[in-house]
Protein chains: 2
Amino acid sequence: MASSAPDIAPDDSRFGLDRLVRLPGAFALQSGQGLNGLDIAYETYGVLNADASNAILVCHALTGDQHVASVHPRTGKPGWWARLVGPGKPVDPQRHFIICTNVLGGCGGSSGPGSIDPATGARFAMAFPVITIRDMVNAQGKLLDHLGVGQLLAVVGGSMGGMQALDWAVAYPARVRNVVAIATAARHSAQNIAFHEVGRQAIMADPMWQGGAYLADQPPVAGLAVARMAAHITYLSEAGLTEKFGRRLQDREALGFGFDADFQVESYLRHQGLSFVERFDANSYLYITRALDYFDLAEPHDGHLSRAFAGVQSRFCVVSFNSDWLYPTAEARRVVKALNIAGAAVSFVELDSPFGHDAFLLDAPEMNRVVDGFLKSGA
Amino acid sequence: MASSAPDIAPDDSRFGLDRLVRLPGAFALQSGQGLNGLDIAYETYGVLNADASNAILVCHALTGDQHVASVHPRTGKPGWWARLVGPGKPVDPQRHFIICTNVLGGCGGSSGPGSIDPATGARFAMAFPVITIRDMVNAQGKLLDHLGVGQLLAVVGGSMGGMQALDWAVAYPARVRNVVAIATAARHSAQNIAFHEVGRQAIMADPMWQGGAYLADQPPVAGLAVARMAAHITYLSEAGLTEKFGRRLQDREALGFGFDADFQVESYLRHQGLSFVERFDANSYLYITRALDYFDLAEPHDGHLSRAFAGVQSRFCVVSFNSDWLYPTAEARRVVKALNIAGAAVSFVELDSPFGHDAFLLDAPEMNRVVDGFLKSGA
């Protein structure tokens, strides 16, 4: 596919932070359903170069957003991947044109269950169609068309972002030169699905959920907090939890013989649950976890992952962390093996970290060196 | 301690299935609180021999009960450990006098949050004092006094039952000749506590919980089911889940693009949650998980587990399963190491199983051989 000629004027409203675009027309979904008009909330950093060859798409994880390297407007916290994306970082707005979109189904402005259904004038809620990772990728493709980006220098993501990155190479082989897939897998395991189902049941069990039709200011916070707590345990390693909290008590000298948070780990988890509900929507959580559960690149190929990768044209960099039990190294190796069988160029590294799945979001100098080297060698 | 002379008449109402005794007087708890009168629901199997030397106490896990080898009166299912306890089994009513009690805090008839508070005439609910593993052990000790059992041939338990078994040897060194501790640990880890806290928050978030004051026929079933689902994942291994369910669909040919149970693992988990609420009480779940979280044999000894075992007089048999990530082999090794430092006689075996923590409740011929050999050599 030939890339459109770049045409960035400094005042081109397509570019910059906190963008929102409505792409008109029908948007077909894997389910067979469709959306009439597609909203995409996104940010761009840096400038698209003259031959439009420096564009990098960064894809976010389950509870991430488009603010990859800018201050989050609601929480005031730095961008969720400012350690990897920013001036002097491996993904660098001084060299790269960086795009990050809120995923389809999300709650950061892109079309999702919180959007208005044009057919009814009311929020979709659970009438929003179930979406998939491929649908997210297709929506990003539409945005790239809108931005005049034909081919990506790279697509980079961790966790669910890594799934999007892998799926980009499968769905649009000619549009992706390099794929960086970190702490991810080519499918959701039975255990992954099980944990998501617990979270969904916690949300749906909350009477405030109201079948998804809760008012914006009366969300099912208790159920969503429990869902987040259960999920959060899977983001950390047992060793990391022991190192960080062990059995240390919270603000007390002795056991309280009650049901307050005696232990630091309880207090921490409760905080994770409560702060999450301030920034995330319960219905979006349902839809995005469902998209993750449905993800299995090998499924259309009778379980043969290498066949899914048969037509890829990208170079791949696959990174796992040895304490990640959500998407363990074994799943990364499965991806690498299948890519090798498919004849793709792939480099793989398992990094040491005590921090479990969360490691990719934390200070990870080795990960940065790996990504930097990979991108520079494939520029 | 000298054992009381056995005095079993065939019609002695202290012995047999489905027993309930009220032991009058004050029962002191570790919290400093106490109970005025102690109910213990229990079963016995077999006959206490003339010198009262053949008594084996079997201790149950978090959601177990006293029906170790008899049909459960509510579910109609066989006893939860009929594979280990029964005629011709390692714990054999033809040779042993077997006792199994519903733990203090439980919902099978022993004193717990569902009991009537004699001070008010109403259910305790959350006014029931927080209890510990030691309190459970002390309650069992009172029952043994009542039954005329001075010294136990053995105390045998898995999971929380194994914690009681270890604690028996620490609390009553002269009363326990042999300890069999299976799939257990000497403390709850930060991750263990975290999972329990998710379950408790799920229960407490259910408006039907009513601060614990729910009516017996209006329990917080949704919250308790979510708690059970989260816990149940920790009882199985990732490999076991993959082998049992993988990504196989439930009663359908293709993904449903909805929020029904598409996957078998979802359907299975939902069933686990729903069937659990029919046999277990939500407040008991809160109290027993709290007792587990509080368990740390080394805590009174500045973290030195070997000092906790300094006075033990029992022989020990410690068994772990290599796919158990709830109480992993590393925790069993920690127990074994401390027992060795304390100079105790201890044998240890890690068994192969794909079934995770649940392995000890399933068909486990190797486990049976180990327990049988250990008990016969120490009779």
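Trainee: What makes the crossing of H6(A) and H3(B) right-handed or left-handed?

Mentor: H6(A) passes H3(B) in a right-handed crossing, because a crossing is right-handed if the near helix is turned clockwise from the far one by less than a right angle, and left-handed if anticlockwise. This is a predicted model, in which local features need pLDDT of at least 70 and side-chain atom pairs count only at pLDDT 80 or more, while totals for chains, interfaces and linings use all residues. Residues are numbered from 1 along each chain as its sequence is written, and chains are lettered from A in the order in which they are written.

Trainee: Why is H6(A) called oblique to H3(B)?

Mentor: The axes of H6(A) (residues 264–276) and H3(B) cross at roughly 45° and come within 9 Å. That makes H6(A) oblique to H3(B), because angles under 35 degrees count as roughly parallel, over 145 as roughly antiparallel, 65 to 115 as roughly perpendicular and the rest as oblique.

Trainee: Which residues of H6(A) and H3(B) meet?

Mentor: Val265(A), Glu266(A) and Leu269(A) in H6(A) meet Ala190(B), Ile193(B), Ala194(B) and Glu197(B) in H3(B), contact being C-beta atoms, placed from the backbone, within 7 Å.

Trainee: How do you know whether Val58(A) is buried or exposed?

Mentor: Val58(A), which is found in strand E3 (residues 55–59) of chain A, has 30 other C-beta atoms within 10 Å and is therefore buried, since buried requires 20 or more, exposed 12 or fewer, and partly exposed lies in between. Among the residues that Val58(A) touches are Trp81(A), Ile98(A) and Gly157(A).

Terms used
Helices (H or I, at least four residues) and strands (E, at least two) are DSSP runs, numbered from the N terminus. Two residues are in contact if their C-beta atoms, placed from the backbone, lie within 7 Å. Axes are lines fitted to C-alpha atoms, for helices over the stretch in contact, and angles run from 0 to 180 degrees between N-to-C directions. Lists of a residue's contacts leave out its neighbours within four places in sequence.
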